[in-house]
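Here is a short briefing to read alongside the model. Please keep the viewer open as you go through the points.

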Amino acid sequence: KLDVNGSYFFNGTQLENDYNLQRKSFVGDTTQLYSELGRSTRDNFNHRLNAAIDWKMDSSNSIIIRPTITVQNTNSSTDKTYNSLGQSGNFLTDGNSYVNSENKGYNVGATALWRHKFDRAGRTFSAQVNYSSNLSDATGSQYTVNTQFKGNVINRSDTLNQLNFTKSIAHNYGADLSYTEPMSRRSLLEIN
């Protein structure tokens with residue numbers, strides 16, 4: 001009278017990218033050389049758990065419950081240094097940047113369905129309730145220093161220091177009712 005099924009899924013990825021970028025630009029009759037050395041990483045982990053519980057209480061009644069849980073965690077970062085040189089080898093710009101983010105989230109939900117069959121064939125009643133809860137939490141930062149030169153002398157230096165935080169919470173509830181009534185041997189009326 002009782003069937004229980006479940007499944008678990010895990011996915012994990014870790015990506016790393018080291019790069020060295022060299023670019024030569026032609027501006028009018030002069031050239032500029034841009035260099036960038038950087039590294040980026042991204043780690044992503046997902047867990048998902050599903051279950052189904054089917055209980056046949058008697059020949060007229062049954063209950064099905066389906067819970068689900070999902071958890072996700074993602075971290076990423078980028079770290080780079082860069083500069084640009086004029087045609088004579090003098091510095092035009094110089095800088096470094098670090099960007100970091102972390103995202104966490106979960107989703108928990110369940111549906112419960114009760115089905116009832118009456119003595120008359122085709123006459124049924126069912127009630128289903130649904131619930132889900134979602135939470136996501138994200139933090140991030142960026143720190144960048146950019147320096148501009150004029151004749152190998154610092155002309156201007158700018159610093160960008162940013163932090164961001166995001167939190168999202170959602171709860172969803174629902175209910176469905178359904179009644180069927182036979183109208184003839186080949187047709188029935190359904191009310192939802």
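At 35% relative accessibility, Arg39 counts as partly exposed, where buried means under 20% relative accessible area, exposed over 50% and partly exposed in between (1.4 Å probe, protein chains only). Please note that this is a predicted model, in which local features need pLDDT of at least 70 and side-chain atom pairs count only at pLDDT 80 or more, while totals for chains, interfaces and linings use all residues. Residues are numbered from 1 along each chain as its sequence is written, and side-chain values use heavy atoms, with hydrogens and water left out.

**Confidence**

- The protein chain has an average pLDDT of 94, and 100% of its residues score at least 70; pLDDT is the predictor's confidence in each residue, from 0 to 100.
- Strands here are DSSP runs (E, at least two residues), numbered from the N terminus.

**Salt bridges**

- The whole structure holds 7 salt bridges, each being a side-chain nitrogen of Lys or Arg within 4 Å of a carboxyl oxygen of Asp or Glu.
- One of them pairs Arg39 with Glu16, with 2.9 Å between the closest N and O atoms. Because Arg39 sits in strand β2 (residues 30-56) and Glu16 in strand β1 (residues 2-27), this pair ties together parts that are 23 residues apart in sequence.
- Glu16 counts as exposed, at 60% relative accessibility.
- Arg123 and Glu181 also meet through their side chains in a salt bridge, at 2.8 Å from N to O. Arg123 belongs to the loop between β4 (91-117) and β5 (124-150) and Glu181 to strand β6 (residues 153-182), so parts 58 residues apart in sequence are tied together by the pair.
- Arg123 is partly exposed, with a relative accessible area of 25%, whereas Glu181 is buried at 14%.
- A further salt bridge joins the side chains of Arg156 and Asp158 (3.2 Å, N to O). Arg156 is partly exposed at 47% relative accessible area, and Asp158 is partly exposed at 31%.

**Strand pairing and hairpins**

- β3 and β4 run antiparallel and are joined by 25 bridges; two strands pair if DSSP finds at least two bridges between them.
- Within this pairing, Thr68 stands opposite Gly109 in β4.
- The hairpin of β3 and β4 has 5 residues between the strands, and Gly89 takes a positive phi near 90 degrees there.
- β4 also pairs with β5 in the antiparallel sense, over 25 bridges. Here Leu113 has Gln128 in β5 as its bridge partner.
- With 6 residues between its strands, the hairpin of β4 and β5 includes Gly122, which takes a positive phi near 95 degrees.

**Two residues to look at**

- Thr144 is found in strand β5 and counts as buried, at 12% relative accessibility.
- The side chains of Thr144 and Ser97 are joined by a polar contact of 2.9 Å (a pair of N or O atoms within 3.5 Å; within protein, one must be able to donate a hydrogen and the other to accept it, and residues adjacent in sequence count only if both atoms are side-chain atoms).
- Leaving aside neighbours within four places in sequence, Thr144 is in contact (heavy atoms within 4.5 Å) with residues including Tyr82, Asn96 and Asp158.
- Ala51 is found in strand β2 and is partly exposed, with a relative accessible area of 26%.
- Not counting residues up to four places away in sequence, Ala51 touches Asn5, Gly6, Ile65, Arg66 and Pro67.

Key:
Helices (H or I, at least four residues) and strands (E, at least two) are DSSP runs, numbered from the N terminus.
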